[in-house]
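Please keep the sequence and the model in view while reading.

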Amino acid sequence: VVTLDDLVAFLEHPVKGFLTQRVGLSLFAGDEAPADALPIAPDGLATWAIGHRMLADRLAGRDLDRCRQAEWRRGDLPPGALGDRLLATVLEDVEPLVAAAAEYRVGEPADRDVDVELPDGTRVVGTMGGLYGHTALRVEYSRLTPKQRIRSWARLVALTAATGEPWRAVTVGRGERF
């Protein structure tokens, strides 16, 4: 039995997947101690985390002002005008993603279990969420790369094989700024 998540992780990063799933080698470096200083200029990963949380909140239907206040209360934003500027920059990316996803988010999202037996007896099992009608939708704060495409493709193949119905996969992500 292979879980769908393990299969997708392997397809996204074959070497990393092999080392963690077959060899048992962890590539995790450990947690760093939390910083005592105020964040003045968050790095790319910290900015991504803020955008990822805001996107998830907005897609969950939360009010924009409430999302802003939540980010201020978390303490990850720089103080004063620096935080306002960072939040405005993040929202320039988040709001277009929410608007682009609205076209595909018709009705209530559904989950569906996947259980596909391959000819050699191997089974691929898992649960897929974010299904709207016959569309498997993923909305990501990241810029779209081949990793996101292979993830959507693998999930689409598993879903189609499990149900025997026609599906489409839609992945919405950030574009380049000009």
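Two strands are taken to pair if DSSP finds at least two bridges between them. Helices (H or I, at least four residues) and strands (E, at least two) are DSSP runs, numbered from the N terminus. The model is predicted, so to be described local features need pLDDT of at least 70 and side-chain atom pairs count only at pLDDT 80 or more, whereas totals for chains, interfaces and linings use all residues. Residues are numbered from 1 along each chain as its sequence is written, and side-chain values use heavy atoms, with hydrogens and water left out.

**Overall layout**

- The chain contains 6 helices and 5 strands, and from the N terminus on these elements run β-α-α-α-α-α-β-β-β-α-β.
- The C-alpha trace spans about 60 × 40 × 30 Å along its principal axes.
- The chain has 178 residues, of which 30% count as buried; buried means under 20% relative accessible area, exposed over 50%, and partly exposed in between (1.4 Å probe, protein chains only).
- The accessible surface comes to about 11,200 Å², and 55% of this belongs to carbon and sulfur atoms; such areas come from the Shrake-Rupley method with a 1.4 Å probe, and for residues only the protein chains shown count as cover.
- Among contacts (heavy atoms within 4.5 Å) with a separation of 6 or more, 64% join residues 24 or more positions apart.

**Strand pairing**

- Strand 3 (residues 123-132) and strand 4 (residues 135-143) pair in the antiparallel sense over 2 bridges, with Tyr132 and Thr135 as bridge partners.
- Between strand 3 and strand 4 lies a hairpin with 2 residues between the strands, and Gly133 in its turn has a positive phi of about 65°.
- Strand 2 (residues 110-117) also pairs with strand 3 in the antiparallel sense, over 7 bridges.
- The hairpin of strand 2 and strand 3 has 5 residues between the strands, and Gly121 there takes a positive phi near 95°.
- Strand 1 (residues 2-3) runs parallel to strand 3 and is joined to it by 2 bridges.

- Helix 3 (residues 44-59) has 16 residues and should span 22 Å at 1.5 Å a residue, which agrees with the 22 Å between its end C-alpha atoms; the expected span is 1.5 Å times one less than the number of residues.
- The buried residues of helix 3 are Thr47, Ile50, Gly51, Met54, Leu55, Asp57, Arg58 and Leu59, and they pack against helix 4 (64-74), helix 5 (80-102) and strand 4.
- Gly61, which follows helix 3, has a positive phi near 95°.
- A nonpolar core is a set of buried Ala, Val, Leu, Ile, Met, Phe, Trp, Tyr and Cys residues joined through side-chain atoms within 4.5 Å.
- In the largest nonpolar core, of 21 residues, Met54, Leu55, Val90, Val94, Leu137 and Val139 touch the most other members.
- At least two residues of this core come from each of helix 3, helix 5, strand 4 and strand 5, and helix 5 supplies the largest share, 8 residues.
- Apart from this core lies another, of 12 residues, among them Leu4, Val114, Ala158 and Trp167.
- Not counting residues up to four places away in sequence, Met54 touches Cys67, Arg68, Glu71, Leu87, Val90, Leu91 and Val94.

**Helix 6**

- Helix 6 (residues 146-163) has 18 residues and reaches 26 Å from its first C-alpha to its last, close to the 26 Å expected at 1.5 Å a residue.
- Gln148, Arg151, Ser152, Ala154, Arg155, Ala158 and Leu159 are buried in helix 6.
- Seen down the axis of helix 6, these buried residues fall within an arc of 165°, so they line one face of the helix; the arc is that of the directions from the helix axis to the C-beta atoms.
- On the other side of helix 6, Pro146 and Arg149 are exposed.
- The cover over the buried residues of helix 6 includes helix 1 (4-12), strand 2, strand 3, strand 4 and strand 5 (168-174).
- Gly164 follows helix 6 and has a positive phi, near 75°.

**Phe18**

- Phe18 touches Phe10 and Val23, not counting residues up to four places away in sequence.
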